[in-house]
Amino acid sequence: MKAKMTVNRTFAIDKVDPRIYGTFVEHLGRCVYTGIYEPGHKTANAQGFREDVKALVKELNTTFIRYPGGNFVSGYNWEDGIGPKESRPHRLDLAWKTIETNEVGLHEFAAWAEEVNAEVNYAINLGTRDIDAARNIVEYCNHKGGSYWSDLRRKNGAEEPFKIKTWCLGNEMDGPWQIGHKTAEEYGRIAAEAAKVMKWVDESIELVACGSSHSEMPTFASWEATVLEHTYEHVDYLSLHRYYGNPKNDLKSYLAKSIDMDNFIKSVVAICDYVKAKKHSKKTMYLSFDEWNVWYHSHEADKKNEPWQQYPPILEDIYNFEDALLVGCLLITLLKNCDRVKIACLAQLVNVIAPIMTEKGGDAWRQTTFYPLAHAANYGLGTVLRPFIDCPVYDSEEFSGVPYVEAIAVHNEAQGEVVIFAVNRSLDEVVDFDIDFQGFDVDSVTAFSELSGFDVKAVNTKAAAPVTPAGALSAQISGSVVTAPLKPLSWNMIRVAVK
Ligand code: AHR
């Protein structure tokens, strides 16, 4: 099969905001405890954080980490996680029916995030708390000193403010499962008032209002419109969440689910622009896709969990090769929409629907889905070029007109390279992929890495990690055209040096 992508140096979508390579650490299951933090582990540092996990997080190069929830945050008192560890309370976490020990809180997490070179994205509790707690935490984190909360932070060991720039105004407040679930009117009002006082404490912060928990919520679209009616001038981003699965084992439809993500993004952009027009506003609302991933493998196992344990193994999806291919397609979709999607968080980072797994007291390893994100986060920086792709399409049970090739090109001006990310969705055919570089002098292909050739259900475990990228066959250059063979069912990264 043949396919052709044309990219032109001057036809840009936008610059990639590095926060698009975000992830998420929730106090849920073993994400924090026995995930990033495990005092007594052979690699634990003096603060109790695992160095083996830190090394993998750095390799992933995630730029931005949402914390501390998720559903957890809607019942969380942030003050429980500050001060001497021995006096921190153990609490019932009603979201996940576990016991939260509060050994890790703001200070510990902020210090750890700095060590892995990631920015903290802090979600406040708008489930059980109010605007008072919202303004206090901003004062605690970002005010220099000379006030009650900022001086308490200094007393607790952080002389310098944490300078947290991006804040989420609650989590999934449209969902009946949420502690303190609200109607769009109720949420819109409290989010606007919280936003006002938080920005009065620190006008440099940026705020994310909650959109729908997913696009199939019965209130989807009207929720967004109502929430933005109240918050439009106070917030900077609207959130989107979406998880995918392949419970019917229909691979052709599964790999096309990025089309659903694309439609979802476009619908939310339309709603934002409708409110902008209605309000005669000059401001453009950007999107924070702050939860996205594959999530379905662990559903049955999680039904059997006993309540009120400390850090039980929940939401521990073991990802296979087809999941990595879909994650690749979803990443490409986020990049295609980078003019509006400025933030995105793969949910989550360790153990809980995560690219990194750990064993308590044992090893840490990379799941199959680690690789597309690691490739994109390490090499997908610069300007995204609008891709013109000429490619055969297929129909599946759920989607029609699905292109066999999903691809994007990112021009990294500083490095003098264009990096192509491409997925071949064909089950059995190699695609001879021509990439025509208009407005560039193509110098050489410096790297061509692929994830391919595995059984679609192959997984990585602590014992064996068969699903890892390898160098691909060499790509050919002819004038301005690079031709790369994309193997059937493959994720590919092609780095091309250009002038
Ligand atoms: O990421 C797991 C959960 O999914 C989060 O806690 C919640 O926000 C979403 O429903």
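Trainee: Is Phe370 buried or exposed?
Mentor: Phe370 has a relative accessible area of 1% and is therefore buried; buried means under 20% relative accessible area, exposed over 50%, and partly exposed in between, with a 1.4 Å probe and protein chains only. Please note that this is a predicted model, where local features need pLDDT of at least 70, side-chain atom pairs count only at pLDDT 80 or more, and totals for chains, interfaces and linings use all residues. Residues are numbered from 1 along each chain as its sequence is written, and side-chain values use heavy atoms, with hydrogens and water left out.

Trainee: And what about Tyr371, buried or exposed?
Mentor: Tyr371 is buried, at a relative accessible area of 9%.

Trainee: How is a pair of aromatic rings described?
Mentor: One gives the distance of the centres and the angle of the planes. Rings of Phe, Tyr and Trp (its six-membered ring) pair if their centres lie within 6.5 Å; planes under 30 degrees apart count as stacked, over 60 as edge-to-face and the rest as tilted.

Trainee: How many aromatic pairs are there by this rule?
Mentor: The count is 22. Tyr67 and Phe109 are a stacked pair, 3.8 Å centre to centre with 5 degrees between the planes. Tyr67 lies in strand E4 and Phe109 in helix H2, so their pair ties together parts 42 residues apart in sequence; helices (H or I, at least four residues) and strands (E, at least two) are DSSP runs, numbered from the N terminus.
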